[in-house]
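Trainee: I am new to this structure and would like to learn how to read it. Could you guide me through its features in order?

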Amino acid sequence: MYLDFWIKRLNMKLINEDKIAIVATFIRLYGDVLGKLADHYDKPIVFRRLNITDNQYGDIMARIGNTIYVSEEEVGKMGLSDPEVLAALAHEVGHVIYATRGWDADCEQRADSVASDLGLGKQMISAIEKFIESRRYPRLTSLLVSRIHFLQNIEYAV
(Lines give C-alpha, C1' and ligand atoms only; values in the text may rest on other atoms or scores of the structure.)
Protein backbone atom coordinates (compact mmCIF):
# COMPACT_ATOMS: atom_id res chain seq x y z
CA MET A 1 0.00 0.00 0.00
CA TYR A 2 1.38 3.41 -0.95
CA LEU A 3 1.70 5.69 2.04
CA ASP A 4 1.06 8.76 -0.13
CA PHE A 5 -2.07 7.31 -1.77
CA TRP A 6 -4.24 6.65 1.29
CA ILE A 7 -3.63 7.62 4.86
CA LYS A 8 -5.99 7.35 7.80
CA ARG A 9 -5.32 9.82 10.57
CA LEU A 10 -7.61 9.36 13.54
CA ASN A 11 -11.04 9.86 11.93
CA MET A 12 -9.85 11.71 8.84
CA LYS A 13 -8.87 10.06 5.58
CA LEU A 14 -6.78 11.99 3.07
CA ILE A 15 -6.94 10.40 -0.37
CA ASN A 16 -4.52 11.43 -3.11
CA GLU A 17 -6.59 9.93 -5.89
CA ASP A 18 -4.50 11.19 -8.82
CA LYS A 19 -1.16 10.69 -7.00
CA ILE A 20 -0.17 14.36 -7.26
CA ALA A 21 3.37 14.74 -5.92
CA ILE A 22 2.81 17.93 -3.88
CA VAL A 23 -0.34 16.41 -2.35
CA ALA A 24 1.66 13.32 -1.34
CA THR A 25 4.15 15.65 0.37
CA PHE A 26 1.32 17.54 2.08
CA ILE A 27 -0.21 14.32 3.43
CA ARG A 28 3.16 13.01 4.59
CA LEU A 29 4.11 16.24 6.37
CA TYR A 30 0.75 17.32 7.78
CA GLY A 31 -1.59 14.32 7.83
CA ASP A 32 -1.04 13.48 11.50
CA VAL A 33 -1.40 17.07 12.67
CA LEU A 34 -4.52 17.62 10.57
CA GLY A 35 -6.09 14.55 12.11
CA LYS A 36 -5.57 16.07 15.54
CA LEU A 37 -6.68 19.58 14.52
CA ALA A 38 -9.84 18.28 12.91
CA ASP A 39 -10.75 15.34 15.12
CA HIS A 40 -14.41 16.30 14.62
CA TYR A 41 -14.20 15.62 10.88
CA ASP A 42 -14.70 11.98 9.89
CA LYS A 43 -15.24 12.03 6.11
CA PRO A 44 -12.56 11.41 3.53
CA ILE A 45 -10.94 14.40 1.85
CA VAL A 46 -10.11 13.56 -1.74
CA PHE A 47 -7.48 15.36 -3.83
CA ARG A 48 -7.82 15.26 -7.61
CA ARG A 49 -6.08 16.88 -10.54
CA LEU A 50 -7.90 19.85 -12.09
CA ASN A 51 -7.22 19.46 -15.79
CA ILE A 52 -6.78 22.55 -17.93
CA THR A 53 -9.78 21.58 -20.10
CA ASP A 54 -12.04 21.54 -17.02
CA ASN A 55 -10.67 24.76 -15.55
CA GLN A 56 -12.59 27.50 -17.33
CA TYR A 57 -11.85 30.10 -14.61
CA GLY A 58 -8.12 29.42 -14.38
CA ASP A 59 -8.33 28.42 -10.73
CA ILE A 60 -5.25 27.24 -8.84
CA MET A 61 -7.44 25.02 -6.69
CA ALA A 62 -11.14 24.40 -6.45
CA ARG A 63 -13.36 22.54 -4.04
CA ILE A 64 -16.61 20.71 -4.44
CA GLY A 65 -17.85 19.14 -1.23
CA ASN A 66 -14.99 17.17 0.28
CA THR A 67 -12.99 17.01 -2.96
CA ILE A 68 -10.13 19.43 -3.56
CA TYR A 69 -9.02 19.90 -7.16
CA VAL A 70 -5.46 21.05 -7.86
CA SER A 71 -4.38 22.66 -11.15
CA GLU A 72 -0.67 22.06 -11.51
CA GLU A 73 -0.70 24.23 -14.66
CA GLU A 74 -2.16 27.26 -12.87
CA VAL A 75 0.08 26.76 -9.84
CA GLY A 76 3.01 26.93 -12.26
CA LYS A 77 1.69 30.05 -13.99
CA MET A 78 1.34 31.79 -10.62
CA GLY A 79 4.91 30.86 -9.71
CA LEU A 80 3.96 29.42 -6.33
CA SER A 81 6.74 27.72 -4.42
CA ASP A 82 6.16 24.27 -2.91
CA PRO A 83 5.68 25.74 0.60
CA GLU A 84 3.11 28.20 -0.80
CA VAL A 85 1.24 25.33 -2.47
CA LEU A 86 1.31 23.41 0.83
CA ALA A 87 -0.23 26.46 2.52
CA ALA A 88 -2.91 26.71 -0.17
CA LEU A 89 -3.71 23.02 0.27
CA ALA A 90 -4.03 23.56 4.02
CA HIS A 91 -6.37 26.48 3.34
CA GLU A 92 -8.57 24.33 1.10
CA VAL A 93 -8.62 21.55 3.71
CA GLY A 94 -9.77 24.23 6.16
CA HIS A 95 -12.77 24.95 3.95
CA VAL A 96 -13.63 21.26 3.94
CA ILE A 97 -13.27 20.59 7.67
CA TYR A 98 -15.12 23.76 8.67
CA ALA A 99 -17.73 23.35 5.90
CA THR A 100 -17.31 26.96 4.79
CA ARG A 101 -18.71 28.28 1.53
CA GLY A 102 -18.34 31.52 -0.29
CA TRP A 103 -15.85 34.33 -0.35
CA ASP A 104 -16.56 36.16 2.89
CA ALA A 105 -13.94 37.17 5.44
CA ASP A 106 -15.06 34.75 8.17
CA CYS A 107 -14.97 31.70 5.88
CA GLU A 108 -11.59 32.64 4.45
CA GLN A 109 -10.08 33.38 7.87
CA ARG A 110 -11.26 30.05 9.26
CA ALA A 111 -9.64 28.28 6.31
CA ASP A 112 -6.48 30.38 6.66
CA SER A 113 -6.27 29.45 10.35
CA VAL A 114 -5.60 25.84 9.32
CA ALA A 115 -2.56 26.92 7.30
CA SER A 116 -1.40 28.98 10.27
CA ASP A 117 -1.97 26.10 12.72
CA LEU A 118 0.27 23.93 10.51
CA GLY A 119 3.03 26.55 10.64
CA LEU A 120 2.34 27.75 7.10
CA GLY A 121 1.01 31.22 7.87
CA LYS A 122 3.90 33.11 6.27
CA GLN A 123 3.72 30.89 3.20
CA MET A 124 -0.03 31.56 2.96
CA ILE A 125 0.65 35.31 3.11
CA SER A 126 3.21 34.96 0.32
CA ALA A 127 0.76 32.93 -1.81
CA ILE A 128 -1.98 35.53 -1.28
CA GLU A 129 0.42 38.32 -2.28
CA LYS A 130 1.16 36.48 -5.53
CA PHE A 131 -2.56 36.01 -6.08
CA ILE A 132 -3.09 39.78 -5.66
CA GLU A 133 -0.17 40.56 -8.00
CA SER A 134 -1.66 38.29 -10.67
CA ARG A 135 -4.78 40.50 -10.82
CA ARG A 136 -6.91 37.46 -11.57
CA TYR A 137 -9.77 38.60 -9.37
CA PRO A 138 -9.51 42.37 -8.83
CA ARG A 139 -12.85 42.51 -7.02
CA LEU A 140 -11.40 40.31 -4.27
CA THR A 141 -8.35 42.47 -3.55
CA SER A 142 -9.72 44.00 -0.34
CA LEU A 143 -10.72 40.55 0.96
CA LEU A 144 -7.28 39.19 0.11
CA VAL A 145 -5.58 42.09 1.89
CA SER A 146 -7.76 41.50 4.96
CA ARG A 147 -6.67 37.86 4.93
CA ILE A 148 -3.03 38.96 4.95
CA HIS A 149 -3.71 41.21 7.95
CA PHE A 150 -5.51 38.38 9.74
CA LEU A 151 -2.58 36.02 9.17
CA GLN A 152 -0.03 38.65 10.17
CA ASN A 153 -1.89 39.17 13.45
CA ILE A 154 -1.76 35.43 14.14
CA GLU A 155 1.89 35.08 13.15
CA TYR A 156 3.12 38.01 15.21
CA ALA A 157 0.83 37.53 18.21
CA VAL A 158 2.90 34.58 19.43
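This is a predicted model: local features need pLDDT of at least 70, side-chain atom pairs count only at pLDDT 80 or more; totals for chains, interfaces and linings use all residues.

Mentor: We may begin with the strands.

Trainee: In which sense do strands β2 and β3 pair, parallel or antiparallel?

Mentor: To read a pairing, one looks at the direction of the two strands and at the bridges between them. Here β2, residues 12–16, and β3, residues 44–49, are paired in the parallel sense, with four bridges.

Trainee: Which residue of β5 is the bridge partner of Val46?

Mentor: A strand may have partners on more than one side, so each pairing is read separately. Strand β5 covers residues 67–70 and runs parallel to β3, to which four bridges join it. Within that pairing, Val46 has Thr67 as its bridge partner.

Trainee: In which sense do β4 and β5 pair?

Mentor: That pairing is antiparallel, again over four bridges.

Trainee: What volume does the largest pocket have, and how many residues line it?

Mentor: For a pocket, one reads the volume and then the lining. The largest pocket has a volume of about 690 Å³, and 31 residues line it. Those nearest its centre are Met61, Ala62, Arg63, Glu92 and Trp103. Two or more lining residues come from each of β4 (61–64), α3 (82–97), α5 (121–134) and α6 (141–157).

Trainee: How many residues of that lining are nonpolar, polar or charged?

Mentor: The lining of the largest pocket has 16 nonpolar residues, six polar ones and nine charged ones.

Trainee: Where does Trp103 lie, and why does it count as partly exposed?

Mentor: One compares the relative accessible area with the cut-offs: under 20% is buried and over 50% is exposed. Trp103 lies in the loop between α3 and α4 (105–117). Its relative accessible area is 48%, so Trp103 is partly exposed. Between the C-alpha atoms of Trp103 and Leu144 there are 9.9 Å, although the two residues are 41 apart in sequence.

Trainee: Are Arg147 and Met124 buried or exposed?

Mentor: Arg147, in helix α6, has a relative accessible area of 5% and is therefore buried. Its side chain makes a polar contact of 3.3 Å with that of His91. Met124 belongs to helix α5 and also counts as buried, because its relative accessibility is 5%. Met124 and Arg147 are 23 residues apart in sequence, with a C-alpha to C-alpha distance of 9.4 Å.

Trainee: What is the corresponding reading for Asn51?

Mentor: Asn51 is located in the loop between β3 and β4. With a relative accessible area of 36%, Asn51 is partly exposed. From Leu14 it is 37 residues away in sequence and 20 Å away in space, C-alpha to C-alpha.

Technical notes: Residues are numbered from 1 along each chain as its sequence is written. Side-chain values use heavy atoms; hydrogens and water are left out. On a 1 Å grid over the protein atoms alone, a cavity is a set of points where a 1.4 Å probe fits but cannot get out, and a pocket is an open set with protein on both sides within 12 Å along at least five of seven lines; lining residues have an atom within 4 Å of a point. Grid points are joined across faces, edges and corners, and a volume is the space filled by probe spheres set on the points. Ala, Val, Leu, Ile, Met, Phe, Trp, Tyr, Cys and Pro count as nonpolar, Asp, Glu, Lys and Arg as charged, and the others, Gly among them, as polar. Buried means under 20% relative accessible area, exposed over 50%, partly exposed in between (1.4 Å probe, protein chains only). A polar contact is a pair of N or O atoms within 3.5 Å; within protein, one must be able to donate a hydrogen and the other to accept it, and residues adjacent in sequence count only if both atoms are side-chain atoms.
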